[in-house]
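Me: I have a structure to go through and I'd like to take it slowly. Could you help me read it?

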Amino acid sequence: MDSQNSVSSSDPAEHLVGAVPDLTDLLAELRAGCPLPIVLSPHGRLADDWLPGWLRRCGVPPDGSAYRRLAGARIGGYAARLYPTASPARLRLLTALFAWFFMLDDEFDGVADPRQERLHRLAAEILALLRAEQPRTAQPGVVFVGPARRMLVGPWWVLDRSMPRWWRERFTDAVVEHLTGALREAANKASGHRPDPAEYVGLRRATSAANVAYTLIEVATGDPVPDAVFHHPRVREVADAGNDLLSWYNDLYSLRGDLLVGGGHNLVVAVADAGRMPIPEAVAEVARRWRTRLGLFVRCRAAVPSFGPAHDQAARALLDGIGNTVRGTIDWSAETSRYRPDQM
């Protein structure tokens, strides 16, 4: 097998970026072949228009790169795709949370050499706030301060008062999973460890924050999903397949940037490493896996059983929401500035 452009830990990132083919047609083909319906809230543009002012009120400097990356990324439009039935107020709340998660992602994943000690402290302080183990105002010596803290405190104050305790615990558990994955990825980068495809898929399900997005479906719909439904094995199969679909599509979309700062944390890179194959060949293999996973997703969703008249409406809203998360992430990737080369 020709390994002229295959991946190895000693390859210069710039050389690998140069080996990435133009993925425009492939991404459009995958998007066109997705049978999930496109749904969109009519309030997305209003949420996008609202977000810059909210960022400024949280203290994000309007002349800084973080503000530009968040204010111009059409995050309100993303929330509108994932939660099309949310009221305007709830959609603004979800947009604010998404903006915070994207800022957090930039902190953990946006650099090639993350500062592990600081990230561990940051994760611990975020969870302490969610668990009400520390005051809502920042205390001396903490690292979770400033705009990033205010961007979480406001939305969480609303959710803490409007959502039941069991939901808050479910959301916090999903955030724990996400932060644990982000810390593992940071440790991998620091040690130079590059995960193989099997390890990477499990890690990516955590770092994607898809499971966090799934918990927010109930915030948008107002239909509580009991644990027996949310954690049912058949529903979990759908959730995992959906997570893989949106994550792997994003890996294709952000491949160039991930080659520079990802430290091997991209499915294309993991496949290329494992198979000692050129980047273009690994791209084709990931696309093949994506199509296979899409078929699995459709079959798994059709196999979810009835939970009875008391819970079927909430179960259907959850399954529809997972589908919206997949479809919405795919479509939003093509319209946001977040994954453009000049934003990486």
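Reply: Let's begin with a term: pLDDT is the predictor's confidence in each residue, from 0 to 100. This is a predicted model, in which local features need pLDDT of at least 70, side-chain atom pairs count only at pLDDT 80 or more, and totals for chains, interfaces and linings use all residues. Residues are numbered from 1 along each chain as its sequence is written, and side-chain values use heavy atoms, with hydrogens and water left out.

Me: Over which residues does pLDDT stay under 50?

Reply: That is the case for residues 1–6, which have 18 contacts (heavy atoms within 4.5 Å) beyond four places in sequence in the model. Residues 8–12 are also below 50, with five contacts beyond near neighbours in sequence.

Me: And what does the protein chain average?

Reply: The average pLDDT is 90, and 90% of the residues score at least 70.

Me: New topic: at what angle do α6 and α9 pack?

Reply: Helix α6 (residues 88–109) and helix α9 (residues 165–191) pack at about 25°, with axes 10 Å apart; helices here are DSSP runs of H or I, at least four residues, numbered from the N terminus. The axes are lines fitted to C-alpha atoms over the stretch in contact, and angles run from 0 to 180 degrees between N-to-C directions. That makes α6 roughly parallel to α9, since angles under 35 degrees count as roughly parallel and those over 145 as roughly antiparallel.

Me: Which residues in α6 meet α9?

Reply: They are Phe101, Leu104, Phe108 and Asp109, and their partners in α9 include Phe171, Val175 and Leu179.

Me: How do the axes of α7 and α9 cross?

Reply: The axes of helix α7 (residues 116–130) and α9 cross at roughly 180° and come within 10 Å, and α7 and α9 are therefore roughly antiparallel to each other. Leu119, Ala123 and Leu127 are among the α7 residues in this contact, and Phe171, Val175 and Leu179 are among those of α9.

Me: What is the volume of the largest pocket?

Reply: The largest pocket has a volume of about 970 Å³, where a volume is the space filled by probe spheres set on grid points joined across faces, edges and corners. On a 1 Å grid over the protein atoms alone, with a 1.4 Å probe, a pocket is an open set of points with protein on both sides within 12 Å along at least five of seven lines, and lining residues have an atom within 4 Å of a point.

Me: Which element gives the largest share of its lining?

Reply: Helix α6 does, with eight residues.

Notes:
Helix = DSSP H or I, 4+ residues; strand = E, 2+ residues; numbered from the N terminus. Parallel < 35°, antiparallel > 145°, perpendicular 65-115°, else oblique.
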